[in-house]
Structure formats: structure tokens, C-alpha cells
Amino acid sequence: MKATIYDVAKEAGVSIATVSNAINGKGKVSSKKREQIFEIMKKLNYQPSVIASALMGKKTYTLGLLIPDISNPFFAEVARAIEDQAHLSGYSVIICSTDNKDERVERYISLLEQKSVDGMIIATGVDNPDILAGLEARNVPIVMLSRENDALSVDAVVADDYVGGMMAGRHLAELGHRRMAVLSENRKVSSSRERLRGFKQALAERQIPFDDADIVICEHKVEEGKRAALALLGRPEKPTALFCCNDLLAIGAMQGAKELGVRVPEELSIVGFDNTILAEVTDPPLTTVAQPIAGMGKQAFQLLIEKLTEDDAARQRIVLRPELVVRGSTCAASFPR
């Protein structure tokens, strides 16, 4: 049978309270006695019950992380950064892929609450604001990552998506491009909305016309980028450059261009956003706006820990600056302008 705290206490010749104090670093338990208790726990393969700790109002040292898709390299790298920080601090992380669907978000939030997680990092799209408002009302500590919700007064860690969009727009404008199109996620997603706003502002500064008809809304998938590129490159007046609001869409656009025999970058320049590992291995390597992925994950974890350890921790919004990384997928426009 599985060992219990009673078994540990009996073999150590101490009370259950002493074992509990040794585990939680409380009470007047000598270092020698604590070591003895830990040795017995190891011998009996005893693991303190997370659920029991939760019922007693204690921390479970478990966090929830909601992301759209773990197979997306950006969110995989974010998850790894958070897991690394959690490991150093003695926490475990439960990762949930939501596909940006509210019903899955609600299901996972319910599951995480049943498991009594200490808090949650929300890095997924949520259309219904009542879902997150419910968490706030139940005093569940949450931190938004890479997304924001104007209806909620919660901590957030984001890249400056507006500035990143401007960087992409200025880069393509300086290369002489005038016929440009954008592959974007749903504009309800704050990050995509801000990237698009910054891109349009960069073009407006240079009096370069841009029509909203040149914005193609896509899901966050490679095949969606390919579909959009095929449609845009099939127009009578083809764009000479594409700004893709994430690297997966940019890679899909490269595939679409290759299928049509359109050379990148000689006939079509492509800029992505995120700077995941995939950006370095495409052919040609992808010019992209780099988000400080590791820094974002670290900051989100630290913010959540502050909320768990400080009762009066002030609300914070941390904005990290992106960086344009120029590689081989962009060059000067060669088409008549």
C-alpha cells in the first residue's frame, strides 16, 4: 500500500504535526530530525498529497499555463522558459493547449481549479471576457502573457507589438516596396491587432497607400499562410511584399510562393513575427521581428509568484521591446512601383 504521513511519523517516532512542519519548513524541528524524516520519506517513497495540502489551505506548488497550441514553436519556447523558471523555484506546470476555443479554455480552467493550482498564466485567446472575469472574481491569481484583455485589471507581460509592426513596415518601405499585403490572425487578438496597427502607421508615415482589402485573416497555421499567399499571388496586381503576423504564416507564405514559382526574395519579400527556431532553418532564412521569448516567460512567472507571495502586490504591465532580425527573405523591390 502507498505510504502515508502516519507511516512516516510512526517510523520516525514523532507526531504527524512534526512531519508536516519538517516538510513545510515550519516549527521547531532540528536539522538532524528533519534530515531523518526526509530519509524515511525517501525510504517509504512517501509523496505529500497535493490535494490534501490544498484542502488545508496550503500551496500546491503547481501552476497552470494555457496556450493556443504546444506544437507552435513560439508557445513551445514560451512554455519551456516558464517550466525552467518553475523548476528553479520548486513549482510544477500543467500545460493546456486550447486552440483559442472558449469551450476548451473553460474546460481546462475548471480542471486546473479542481487540481487546486496556485495560479494561472493565460497566453491564449479568449473571446468571452466573462471566462477570465470569473477567475478574477474567484480570486484566482492570473497573469496574461502575449495577450491582453482591456476588460480585466490583471497583470500582463507583452512584447511591444505596435513597435514590432512598425519595424516590419519601415523595413519593407525602406526597401522600396509599395504593393504590400498582410497575413494576420483574428483582429480580436490584441497582439495581431497591434502589429497590424503599427505596420499601417509605418506606411502612413511614408504616404504609402494601403487598403484593408490587402489584409487576409488566417488561423495560426502554416497551411493558412500558404492558402493566403496563393490567393494574393493570384491577383492581377501581385504584392511585392508580405508582412505575416507570426512565423508560421510566413513559412506557409513561402511554401505558396514556391508552389507558384515566385522567387523569395527576388520577386516577393516576406517578413514574419516571433523569431522562433524555424526562422533560421527556412530557405531562405526568414526576416522576422524577434520577440524576447525567454524574457517574456521569465517575467510572467515572476509576476505570478509575486502575486502568490505578496498580498498587496501592485498590478503590473510589463512591455518588452522586440527587435527586427534581417535575414534572406527580404530585399529591395525590383518591380515597377
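Reply: A definition is needed before the cavities can be discussed: a cavity is a set of grid points where a 1.4 Å probe fits but cannot get out. Please also note that this is a predicted model.

Me: How many cavities of 30 Å³ or more are there by this rule?

Reply: The count comes to two cavities of 30 Å³ or more.

Me: Which residues line the largest cavity?

Reply: Its lining includes Phe74, Phe75, Ser191, Arg195, His220 and Asp274. Helix 5 and helix 9 are the elements that give two or more residues to this lining.

Me: And how many nonpolar, polar and charged residues does the lining of the largest cavity have?

Reply: There are three nonpolar, five polar and four charged residues in that lining.

Me: What about the second largest cavity: which residues lie nearest its centre?

Reply: Of the 11 residues that line the second largest cavity, His177, Glu266, Glu267, Ala333 and Ser334 lie nearest its centre. By class, this lining has five nonpolar, four polar and two charged residues.

Me: New topic: the largest nonpolar core. Which residues touch the most other members there?

Reply: That core has 27 residues, and the ones touching the most other members are Leu65, Ile82, Tyr91, Ile121, Leu145 and Val157. At least two core residues come from each of strand 1 (62–67), helix 5 (73–88), strand 4 (142–145), strand 5 (155–159), helix 13 (293–309) and strand 11 (317–320).

Me: Which helix gives the most to this core?

Reply: Helix 13 gives the most, with eight residues.

Me: Take Ile82, then. What is it in contact with, leaving aside neighbours within four places in sequence?

Reply: Ile82 is in contact with Leu65, Val93, Ile121, Leu145, Gly297 and Phe301. There is also a second, separate core of 21 residues, which includes Cys218, Leu242, Met254 and Val264.

Me: Now the charged side chains. How many salt bridges does the count come to?

Reply: The count comes to 17 salt bridges. One of them joins the side chains of Arg138 and Glu113, with N to O at 2.9 Å.

Me: Why does that pair tie together parts of the chain?

Reply: Arg138 lies in the loop between helix 7 (129–137) and strand 4, while Glu113 lies in helix 6 (residues 102–114), so the pair ties together parts that are 25 residues apart in sequence. Arg138 is partly exposed, at a relative accessible area of 45%, and Glu113 is also partly exposed, at 29%.

Me: What of Lys307 and Asp155?

Reply: Their side chains meet in a salt bridge as well, at 3.1 Å from N to O. Because Lys307 is in helix 13 and Asp155 in strand 5, the pair ties together parts that are 152 residues apart in sequence.

Me: Is Asp155 buried or exposed?

Reply: Asp155 counts as buried, because its relative accessibility is 3% and buried means under 20%. Lys307, at 28%, counts as partly exposed.

Me: And which residue forms a salt bridge with Lys200?

Reply: Lys200 pairs with Asp212, and their closest N and O atoms are 2.9 Å apart. Lys200 is in helix 9 (residues 190–205) and Asp212 in the loop between helix 9 and strand 7 (215–217), 12 residues apart.

Me: Last one: which residues are linked in a network of salt bridges?

Reply: Arg170, Glu174, Glu205 and Arg206 are linked in such a network.

How values were computed:
Residues numbered from 1 in each chain as written. Predicted model: local features only at pLDDT ≥ 70, side-chain atom pairs only at ≥ 80, totals over all residues. Heavy atoms only, no water. Core = buried A, V, L, I, M, F, W, Y, C linked by side-chain atoms within 4.5 Å. Buried < 20%, exposed > 50% of the residue type's maximum accessible area, 1.4 Å probe, protein only. Helix = DSSP H or I, 4+ residues; strand = E, 2+ residues; numbered from the N terminus. Contact = heavy atoms within 4.5 Å. Salt bridge = Lys/Arg side-chain N within 4 Å of Asp/Glu carboxyl O. 1 Å grid on protein atoms, 1.4 Å probe; cavity = no way out; pocket = protein on both sides within 12 Å on 5 of 7 lines; lining within 4 Å. Points joined across faces, edges and corners; volume = space filled by probe spheres on them. Nonpolar A, V, L, I, M, F, W, Y, C, P; charged D, E, K, R; others polar.
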